[in-house]
Amino acid sequence: MITSDSTSFFDRPIKAENEIFVDNNLYVVRRIFLALDELGWTKKDLAQKVGVSEDEISTWLSGFHDLSLKKISKMLAAIGKRVLEG
């Protein structure tokens with residue numbers, strides 16, 4: 001149901017699964033950016049290594065994209081790091 005009262009939307013509690021998803025997604029993106037910094041790479045460099053456009057990498061690393069394990073694995077393989085381990 002659509003309501004004109006926007007506060008009702010914002011007053012709803014956040015589902016635990018959504019909060020965990022956002023936290024994990026941002027963690028992965030942050031770790032990938034740190035790895036890129038260590039390598040001196042740009043998103044364009046990563047895109048070339050992964051074989052996708054720079055726009056696609058920007059979307060993946062926006063913090064709003066639902067990253068699949070496949071996409072994460074492609075980026076990590078290109079980076080040569082396992083940033084998700086300990």
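This is a predicted model: local features need pLDDT of at least 70, side-chain atom pairs count only at pLDDT 80 or more; totals for chains, interfaces and linings use all residues.
Me: How many helices and strands does the protein have?
Reply: Five helices and zero strands, and from the N terminus on the elements run α-α-α-α-α. Helices here are DSSP runs of H or I with at least four residues, strands are E runs of at least two, and numbering goes from the N terminus.

Me: What makes H2 and H5 roughly parallel?
Reply: The axes of helix H2 (residues 16-39) and helix H5 (residues 69-79) cross at roughly 20 degrees and come within 11 Å. Angles under 35 degrees count as roughly parallel, over 145 as roughly antiparallel, 65 to 115 as roughly perpendicular and the rest as oblique, so H2 ends up roughly parallel to H5. The axes themselves are lines fitted to C-alpha atoms over the stretch in contact, with angles from 0 to 180 degrees between N-to-C directions.

Me: Which residues make that contact, and what classes do they fall into?
Reply: H2 brings Val 28, Ile 32, Ala 35, Leu 36 and Leu 39, and H5 brings Ile 72, Met 75, Leu 76 and Ile 79. Contact means heavy atoms within 4.5 Å. By class that's nine nonpolar, no polar and no charged, where Ala, Val, Leu, Ile, Met, Phe, Trp, Tyr, Cys and Pro count as nonpolar, Asp, Glu, Lys and Arg as charged, and the others, Gly among them, as polar.

Me: Why is H3 called roughly perpendicular to H5?
Reply: Their axes come within 9 Å and cross at roughly 105 degrees. That angle falls in the perpendicular range, so H3 is roughly perpendicular to H5. Leu 46, Lys 49 and Val 50 of H3 meet Lys 74, Met 75, Ala 78 and Ile 79 of H5, giving five nonpolar, no polar and two charged residues.

Me: Why does His 65 count as buried?
Reply: Buried means under 20% relative accessible area, exposed over 50%, and partly exposed in between, with a 1.4 Å probe and protein chains only. His 65 comes in at 18%, so it counts as buried. His 65 sits in the loop between H4 and H5, and leaving aside neighbours within four places in sequence, it contacts Phe 21, Asn 25, Thr 59, Trp 60 and Lys 71.

Me: How do you know that Leu 67 is buried?
Reply: Its relative accessible area is 11%, so Leu 67 passes the cut-off for buried. Leu 67 is also found in the loop between H4 and H5. Not counting residues up to four places away in sequence, Leu 67 touches Asn 25, Val 28, Val 29, Trp 60, Ile 72 and Met 75. Leu 67 and Val 29 are 38 residues apart in sequence, and 9.3 Å apart C-alpha to C-alpha.

Me: What makes Leu 26 and Thr 42 partly exposed?
Reply: Leu 26, in helix H2, has 36% relative accessibility, so it counts as partly exposed. Thr 42, in the loop between H2 and H3, has 42% and therefore gets that label too. Leu 26 and Gly 63 are 37 residues apart along the chain, with their C-alpha atoms separated by 5.7 Å.

Me: Which residues touch the most other members of the largest nonpolar core?
Reply: Of its 18 residues, Ile 32, Leu 46, Val 50, Ile 57, Leu 61, Leu 67 and Met 75 do. H2, helix H3 (43-50), helix H4 (54-60) and H5 each supply at least two residues of this core. A nonpolar core is a set of buried Ala, Val, Leu, Ile, Met, Phe, Trp, Tyr and Cys residues joined through side-chain atoms within 4.5 Å.

Technical notes: Residues are numbered from 1 along each chain as its sequence is written. Side-chain values use heavy atoms; hydrogens and water are left out.
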